[in-house]
Every structure is written in structure tokens, then in C-alpha cells.
Amino acid sequence: MTLDSAAWIIHIKGLVQGVGFRPFVYRMALQNHIKGWVENSNEGVTIHVEGILPQQELFLKNLKQQAPQAAIISEISVSETAPKNYLSFKIRQSHNFSDAITEVSPDIAVCPECLLDMKKQPHRIGYPFINCTNCGPRFTIIRDLPYDRDHTTMEPFEMCPVCRNEYNTILDRRFHAQPIACKSCGPKYSFLIHEDNELMIKQIPENRAAQELAEYIDSGRIVALKGLGGYHLVCDANNEDAVKSLRLRKNREGKPLAVMAGSIANVKKHFTITNIEENSLSSWRRPIVLLTEGKPFSASVNNGMKTTGVLLPYMPLHYQLFEHLKTDAIVLTSGNISDEPVTISDAEAIMKLGRVADVVVRYNREIHNRADDSVVFIASGTERMLRRSRSFVPSPIALNQQTEGIFAAGAELVNTFAIGKENQVILSQHIGDLKNAETMIFYEESFQRFSKLFRFQPTLVACDSHPDYLSSQFARSLGIETMEIQHHHAHIASCMAEHGLDEKVIGVAFDGTGYGDDGTIWGGEFLLCDLIDYERSYYFDPVPLPGGDKVTHEPWRTAVSYLYKYFGKKIFEDPLDLLKIIEPEHLELLLQAIDMDINCPVSSGAGRLFDAVAALSGVCTHSSFHAEAPMRLEAVMAANCRGKYVFDIEGSKIVFWKLFYLLMKDLHAKVAVSEISAKFHNTMVVLILTVVKKMRLETGINKIVLSGGSFQNRYLLEKSEELLKEAGFSVFTNRKAPSNDGGIALGQMAIASKRRAMKLID
Ligand code: ZN
Ligand code: ZN
Ligand code: FE
């Protein structure tokens with residue numbers, strides 16, 4: 001078709017709502033003398049275009065090339081239409097409420113134009129709260145819909161005449177930018193510093209704020225800095241004393257700390273990165289990206305892990321800071337003590353973080369919705385979520401079924417929940433470990449806030465089948481119909497939902513812990529499942545976990561249990577390194593507890609097997625944070641080692657006595673841990689391949705879905721995917737939602753909506 005008629009209809013699909021796209025279209029239309037209109041449609045925006053052909057073509061080209069940074073155009077289609085002889089170009093207002101919902105955009109990193117304006121616009125020179133329709137805070141400041149200033153925490157700031165004029169000028173980049181602000185009317189930073197053991201407010205002239213802050217950091221001090229979705233604790237990433245003292249004061253014993261580098265060039269000074277990693281780092285979402293270290297920061301940043309979480313500046317102040325800093329990178333870790341939710345209130349920051357930090361830097365705009373920095377890693381050339389929060393939430397994920405009215409309560413650790421609107425799933429921000437009382441309050445409060453913001457009324461609740469999960473208890477307390485969903489079924493369904501799969505698949509769910517239908521703990525599971533139901537086809541040989549929950553902090557307990565199970569008491573006469581560190585009486589008590597089944601829940605968790613191997617090989621006998629042992633085991637792995645151990649399949653059980661027998665032999669022969677780790681990882685990959693091949697023979701099913709926290713292990717994920725594909729399988733892995741328990745809510749939503757659609761419930 002030749003497009004030479006005087007009028008076109010352009011349909012644009014993708015992420016084009018709530019990101020300043022319609023005002024952008026308007027500006028482009030005016031620039032190119034185009035008449036007609038733009039409006040939101042179900043899948044994006046629709047534009048009616050009238051003009052003369054060269055202008056129309058230029059307009060189309062501009063749309064593609066100059067779109068706002070947060071817009072993602074996935075498809076543009078152009079068709080001819082009858083001219084209406086419009087006299088002007090208009091933005092048609094949407095009156096549909098579901099449109100308003102899609103307008104709740106995630107927070108967007110400050111855009112390049114605003115960074116330029118910060119150098120040259122008289123009323124915004126050096127002004128760190130600069131933003132425009134293409135960038136700035138969104139979700140973190142919104143209280144209610146529709147998204148306008150009065151419904152955000154910008155409400156107390158009255159626009160000055162200059163800002164108001166820009167806000168009302170349709171050709172201005174700040175036309176209808178709700179958080180618009182300038183030096184004379186917007187929020188301001190203020191400092192509190194310790195003097196005589198008390199935090200005193202220090203007035204610092206605005207133009208000196210970044211410089212002063214940089215001086216504090218360069219001199220080794222710790223700063224509590226208010227960010228977009230919560231406070232951060234900040235110090236020089238190259239100053240070992242500063243990092244050590246931050247860890248100590250924050251009670252963060254082992255967990256790696258995230259680092260903000262001033263620029264991509266600074267990142268490249270420390271890491272060799274791929275294009276995909278570079279794209280993730282500099283995307284407008286500015287997530288923390290796990291990078292494998294070349295030249296390290298100070299040792300306490302990641303405490304011996306091979307990977308470090310790195311991110312680039314995303315608030316104007318971050319950029320200003322790096323203009324003054326001598327160091328090339330700063331630790332930027334969440335502003336909280338231990339496992340509490342990140343601090344968002346200034347009062348709490350002064351009370352709690354004031355004890356930790358030498359300086360507290362706040363600003364006088366409220367954070368309404370807490371959002372931690374999101375965390376991603378790249379595996380098989382694709383970005384994967386580890387924590388989906390700031391700048392991703394509340395972007396919905398679409399399903400093939402109606403989700404309206406379904407509340408998915410999520411898991412208990414690294415919790416997120418989800419609400420269903422039409423066919424969309426709106427996942428909450430990362431909530432955290434609900435066993436922490438403050439985190440549970442955050443969970444309940446966020447559920448209330450999401451319900452209000454998205455006009456959500458639950459009519460069906462989906463929760464984990466674990467009777468003790470606090471999320472499940474909360475779900476039941478709502479007093480509406482509740483559907484219990486098995487944990488690993490939900491993991492697999494989360495990945496199916498992402499890929500639009502609605503059929504029988506082979507699901508490989510590997511994680512630490514999940515409640516099984518027989519009342520034991522599951523986690524090394526091969527499921528034959530669809531979105532309705534599942535069959536547990538194969539699973540890891542269960543072992544008792546002496547001490548119950550204690551095993552997550554003391555992986556050596558699980559190691560002892562495996563050895564006892566497979567080799568009996570005799571094995572402990574052997575002077576293995578691990579066994580030397582255990583008191584003989586302690587060991588005796590542990591074995592008795594197993595014999596008498598006292599506080600010894602039985603588990604088939606894959607995470608536990610990783611724990612046991614990490615402990616036996618001396619990589620991690622005691623862990624100070626969740627999943628430390630498997631992470632350390634992966635970190636020491638030798639590259640290019642092809643060795644492996646063996647295992648047996650007995651009925652439905654995958655049995656590991658040969659693995660442990662060979663592992664013990666290697667330990668006695670003083671084989672390097674790097675090699676032991678590699679052999680173990682290779683065994684897991686071969687195990688997956690072997691079992692699913694068996695299942696393919698049995699069922700004829702060729703689609704494999706991998707999910708569960710163990711697939712945060714990059715080697716396991718990449719190698720399994722590679723070998724499975726070589727063996728002719730179609731392989732599906734998590735991308736949009738985390739494979740850890742942060743993705744459980746999505747899986748629960750997919751199963752609940754499917755069962756409801758099939759009328760399997762009332
Ligand atoms: Zn901007
Ligand atoms: Zn102003
Ligand atoms: Fe899990």
C-alpha cells in the first residue's frame with residue numbers, strides 16, 4: 001500500500017501510557033504542522049494525522065526516533081483514513097477509568113534534557129528536584145487517582161507563576177508534569193549533622209549542598225540520604241574503614257552491599273561488562289545490576305562474593321554528587337537496620353538512621369509508597385529480576401485470563417503480593433520478610449494502598465498452602481473465599497504466566513523451602529503441571545533438618561543429616577575438616593534428635609542440598625544471610641571444569657548417596673573446593689536434563705519451565721537452559737518476575753484466575 005492519502009491512523013503499541021507520550025506526540029505534531037488528535041487506546045495510543053505527505057513522514061520518523069526515554073514502542077502500524085479537515089491538533093482526554101490506572105507510571109530516572117536544564121535554566125540551575133513529563137518521581141509520590149498534583153505528595157508545594165506557566169503550556173516539556181518544581185517553589189534538601197552527640201540541623205546554601213555532601217563522603221563519613229523510594233546509607237565504596245563501620249552500625253554482617261558508580265566509564269574501570277549489562281545499567285529504570293568483579297572496591301563491599309550489585313545515578317542529586325566526589329563509587333545500601341523495611345519517614349530516619357549515620361540528608365517532600373532499588377542480573381543474554389521494585393512497580397503484567405478481583409497474597413520471605421485488574425496483574429513492590437513485625441505492617445498498609453489506588457475490591461483470595469505463612473493468615477482474615485496454592489506449583493505458574501503458557505508442561509521447581517501437600521517441606525521438585533493442577537513426578541530424596549529453621553543459618557546441620565542418612569554413624573569417626581569444628585557432644589545430640597524425630601522436619605529442598613555441599617566443602621558452615629551458602633558455593637566454582645558426580649533415580653526419588661560418597665572421597669583427597677563446586681553444579685545440570693528426558697519419554701511433553709530461587713544461580717540457569725535446548729526442549733525461564741519467592745504472587749494469580757475461568761470454584 002502506498003500511503004499518499006491526506007490522512008492516516010497510526011496505532012502505537014507498547015509502553016506508551018503514563019510516560020509523557022501524548023504530550024510528546026502533541027509537540028511533534030505542532031512541529032510538523034500536523035492536524036488531528038491523539039488518544040489512549042487499549043493497547044497503546046492512536047493518532048489521527050492530517051497534513052502534507054513529507055510532513056506526515058517526518059512526523060512518523062520523529063515519533064520513532066525522539067520518543068521519551070521511558071516509552072517502549074513495540075509496534076507502529078499506519079493505515080489510511082478519510083480526512084476530516086481538522087483545524088488543529090488535540091490531545092483527547094481519556095474518561096475511561098481503566099485508562100487512568102495504566103497511567104500510574106513507575107518512577108523514572110532524571111532524563112538527559114533535565115540534566116542539561118539543570119545547567120542552564122535560570123530558575124533551575126543546580127536545582128536537584130528538576131523533572132519533566134519524561135522523568136521524575138511517580139509511583140513513590142502518588143496517593144490517589146487520577147494522577148494529578150493534588151493526589152501526590154507534591155500537593156503542599158504551590159506552583160510559582162513560572163512553573164505554572166510551563167505546566168499549562170502544551171509545547172513545554174513540563175506540560176502537565178505533576179511534580180514540576182523549581183528553586184523558588186519546590187522541595188529542598190536539608191542536613192542534620194552530629195554535634196555533641198545530637199543531630200543538629202545545618203543550613204547549607206543550596207548551591208553548596210552536593211559539594212558539602214561529597215566532602216563528608218570523601219572524608220570517610222556515613223550519610224543517610226533520602227532517595228526516591230526510601231532512605232539510603234551511603235559511604236565511599238573504596239574506603240575499607242568506612243564500609244566496615246557502615247556494616248557494623250547497620251548490623252549487616254555478610255550481605256553484599258550495592259554500589260553506585262558515577263558513570264558507565266567508572267563502572268568499566270572495575271568491571272568488564274557486556275552490552276546487555278550496559279543497557280540494563282543505563283536504562284531509565286536504573287536497577288542494581290549484578291556484575292562479576294574485575295578490579296574490586298574495598299573488600300567489605302561484597303565480602304568475598306564474586307559479584308557486586310552496581311547501579312548508576314538516577315536522581316539529580318546523585319549526578320551533582322559525583323561532580324564533586326573524589327571517589328569513583330559509593331556504597332548505596334537501603335536505609336534500614338537489619339531486616340526492617342527501608343526507612344521513608346524523616347522522623348524515623350533521624351531517630352533510627354541518625355544513630356548509624358554521621359549525617360542525615362532529608363528533603364521536605366514525603367515519600368508515600370516505599371520502593372527499594374530493583375535488582376537484576378543478566379543470564380543467557382537476558383535481564384532477570386531478583387527484586388522487582390522501584391521503577392518497575394506498578395507496571396502491570398498481562399495474562400490471558402481475567403484477573404479482576406483476585407488478591408494473591410504471595411509467599412513469606414521476599415514477599416510481594418498482587419492484585420488483579422481486568423486481565424492485568426499488578427505486582428506490589430518488594431515487601432520483604434513478613435516475620436519481621438514492621439515488614440508485616442508494611443504489607444498490610446501496602447495492600448490497603450493498592451486497593452485504594454487501583455479501586456480494587458477482592459472477591460477471591462489466593463494464598464500459599466503453608467498454614468503458618470503470615471501472608472496466608474492475612475489472606476484468610478479477609479473473610480472471603482480463599483484458594484490455597486502449593487508453593488512450587490505457583491513458582492512454575494509464575495513463569496508460565498510470563499510466557500502466556502496455558503497447557504501441560506514439565507516444571508522444574510528448585511528452591512529452599514515450600515510447604516508440600518504431604519506436610520513435609522518440598523523444594524527439589526519435578527512437576528507435571530498446567531495452570532490448574534500438578535502432579536509431583538520426581539523429587540529429591542528427603543532428609544531430616546535437625547533444628548528446623550536453624551538449618552538456614554547453620555548449613556552444617558544439613559550436611560550432618562545427609563551423611564548420617566546415607567552412611568550411618570560410622571562416617572563421623574572420620575576426621576573430616578567440617579566434622580572437626582563440631583563439638584562431639586553437639587553432634588551426638590543432633591544425631592539423637594534425628595533418631596527420635598525431635599524438631600526434625602523432613603525436606604526435599606534443592607537449596608538444602610546446596611547448603612550441605614557448601615558446608616561439607618568448607619565454603620560456608622554458618623551463614624549470616626539468606627541463601628549465603630549456595631551463593632558462596634557458586635562464587636568459588638572453577639570455570640571450565642567438566643567433572644561431575646553421580647546420583648540415582650529410585651522410583652520417584654532422586655537419591656544422592658553416591659554424590660556424597662564421591663564428594664567425601666574428593667574431600668579426603670584434598671581436591672580443590674573450586675573443582676568440587678564445579679562438579680556439584682554440573683551434577684545438578686545433568687540431573688535436570690536426565691529427569692526431564694525421562695519425563696518427556698513418559699509424557700511426550702517437550703516444554704520445560706524452570707523456576708524457584710535456586711535458578712538465581714546463574715550457572716545453573718544458563719547451563720541447564722543451554723543443555724535442555726541442545727536436547728531439543730523448549731525452555732521457559734523467568735524474566736519479568738523473580739524466580740525467587742518474589743514471583744510467587746504472580747503464579748498464584750495465574751492459577752487462581754485459570755481455575756476461576758474453568759469454573760472449578762464457585
Ligand atoms: Zn526530564
Ligand atoms: Zn517554580
Ligand atoms: Fe520458593
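Predicted model: local features only at pLDDT ≥ 70, side-chain atom pairs only at ≥ 80, totals over all residues.
Local features require pLDDT of at least 70 and side-chain atom pairs count only at pLDDT 80 or more, while totals for chains, interfaces and linings use all residues. Residues are numbered from 1 along each chain as its sequence is written, and side-chain values use heavy atoms, with hydrogens and water left out.

The protein is divided into domain 1 (5–91), domain 2 (104–187), domain 3 (189–363) and domain 4 (539–733), with bounds from an automatic or database domain assignment. The centres of domain 3 and domain 4, taken over C-alpha atoms, are 36 Å apart. Their contact (heavy atoms within 4.5 Å) takes 10 residues from domain 3 and eight residues from domain 4.

Between them, domain 3 and domain 4 bury about 690 Å², 57% of it on carbon and sulfur atoms; buried area is the accessible area (1.4 Å probe) that two parts lose on being put together, summed over both. On the side of domain 3, Lys 255, Met 305 and Lys 306 lose the most area to domain 4, together 56% of what that side buries. Zero salt bridges are counted between domain 3 and domain 4 (a side-chain nitrogen of Lys or Arg within 4 Å of a carboxyl oxygen of Asp or Glu).

Technical notes
Chains lettered and ligands numbered in written order.
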